[in-house]
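Please open the model in your viewer and keep the selection tool at hand.

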Amino acid sequence: MSEQNPTLAFGIDIGGSGVKGALVDVSTGTQVTERKRIATPQPSTPDAVAEVVRELIHAENWDGPVGITVPAVVRQQVTKTAANIDKAWIDTDVQELFRHHLGEQRDITVLNDADAAGMAEVRFGDQKARTGSVMMLTFGTGIGSALLMDGNLYPNTELGHMKMKKTTAEKYASSKVRDDEELSYKEWAKRVNKVMERYSELFNPQTFIVGGGISRKADKWVPYLTIEQEVIPAKLRNEAGIIGAALAVHEGLRP
């Protein structure tokens, strides 16, 4: 599909287990092509992952702008960390990487995955995402975080790496941990609640928004949370990263 509609952009969400992508109408926050997913290559080196990204975009014959999320701190389009992806990503110039694989003239923006999800929820999600202090948490292979104040993003927080007991928050309460340890939703929610209590002690958000694939089943675990703040499921569910990535490249946002 060639670029014809100026509100279209391709969104790519790179995760520890899968790379997902779809074409997005950023005026409405809707995906206009079916989301496609390819397993994250192992090892998940920059070049190997970039080839998967190229494959997803090539499948739609898309030659327009592309927004890409990575599970990493991104500063001035250089990845400074690597969470749940190969350590070779650290200090990678992602503009150079993806232009090499996708075309030198292509408009590309790369940003942190949870930041992209937070931006999408601010634009297209619940009104509460745009009001006051909000912490969005995405549960998947790890735990991503986005801090928002009246809809404005403080980027690259990566709170999933906060120390928790003898481990980190994401190694204690990610969705992957729930699967690996075969925890019931009630058992897992108890862990999530403890993580949120620690975040609340430090940041005191007015609202928590919970996203990631497991947010589709929010009714099975959110009711078990006892944190004092209101907890609302992400309206865009597991598509928020894709939509936020597309939105970022369309608006030239590089947090």
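A residue counts as buried when its relative accessible area is under 20%, as exposed when that area is over 50%, and as partly exposed in between. The model on the screen is a predicted one.

**First stop: R191 and E181**

Select R191, in helix α6 (residues 185-203), together with E181, in the loop between α5 (175-180) and α6. R191 forms a salt bridge with E181, and the closest N and O atoms are 2.8 Å apart. The two residues are ten residues apart, and the pair links distant parts of the chain. Is R191 buried or exposed? With a relative accessibility of 18%, R191 counts as buried, because the limit is under 20%. E181, at 42%, counts as partly exposed.

Next, select R178 and D179. These residues form a salt bridge whose closest N and O atoms are 3.3 Å apart. R178 counts as buried at 14% relative accessibility, whereas D179 is partly exposed with a relative accessible area of 45%. R178 lies over the face of Y185, at 4.3 Å from the ring centre.

Which residue forms a salt bridge with R35? The partner is E239, with 3.7 Å between the closest N and O atoms. R35 is in the loop between β3 (30-31) and β4 (36-39), while E239 is in the loop between β16 (230-233) and α7 (240-250). The partners are 204 residues apart, so select them by number; the bridge links distant parts of the chain. R35 has a relative accessible area of 29% and is partly exposed; E239 is also partly exposed, at 22%. By the rule applied here, the count of salt bridges comes to eleven. In general terms, side chains of opposite charge can pair when their charged atoms come close.

Turn now to the rings. The structure holds four aromatic pairs. One of them is formed by W89 and F98, which are tilted, with 6.3 Å from centre to centre and 40° between the planes. W89 is buried, with a relative accessible area of 0%, and F98 is buried with a value of 0%.

Continue with F139 and W221. Their ring centres are 5.8 Å apart and their planes stand at 75°, so the pair is edge-to-face. F139 is in strand β10 (residues 133-139), and W221 is in the loop between β15 (207-211) and β16, 82 residues apart. F139 is buried with a relative accessible area of 3%, and W221 is buried with a value of 0%.

**Last stop: helix α7**

Finally, select α7. How many of the eleven residues of α7 are buried? Ten of them are, so the helix is largely enclosed by the rest of the structure. Among the buried residues are A240, G241, I242, I243 and V249. To see what surrounds the helix, display β1 (8-14), β2 (18-25), β3, β5 (66-70), β9 (108-112) and α3 (113-124), against which the buried residues of α7 pack. End the tour at G252, which follows α7 and has a positive phi, near 65°.

Notes: Residues numbered from 1 in each chain as written. Predicted model: local features only at pLDDT ≥ 70, side-chain atom pairs only at ≥ 80, totals over all residues. Heavy atoms only, no water. Salt bridge = Lys/Arg side-chain N within 4 Å of Asp/Glu carboxyl O. Helix = DSSP H or I, 4+ residues; strand = E, 2+ residues; numbered from the N terminus. Buried < 20%, exposed > 50% of the residue type's maximum accessible area, 1.4 Å probe, protein only. Phe/Tyr/Trp six-rings, centres within 6.5 Å; stacked < 30°, edge-to-face > 60°. Lys NZ or Arg CZ within 6 Å of the ring centre and 35° of its normal. Contact = heavy atoms within 4.5 Å.
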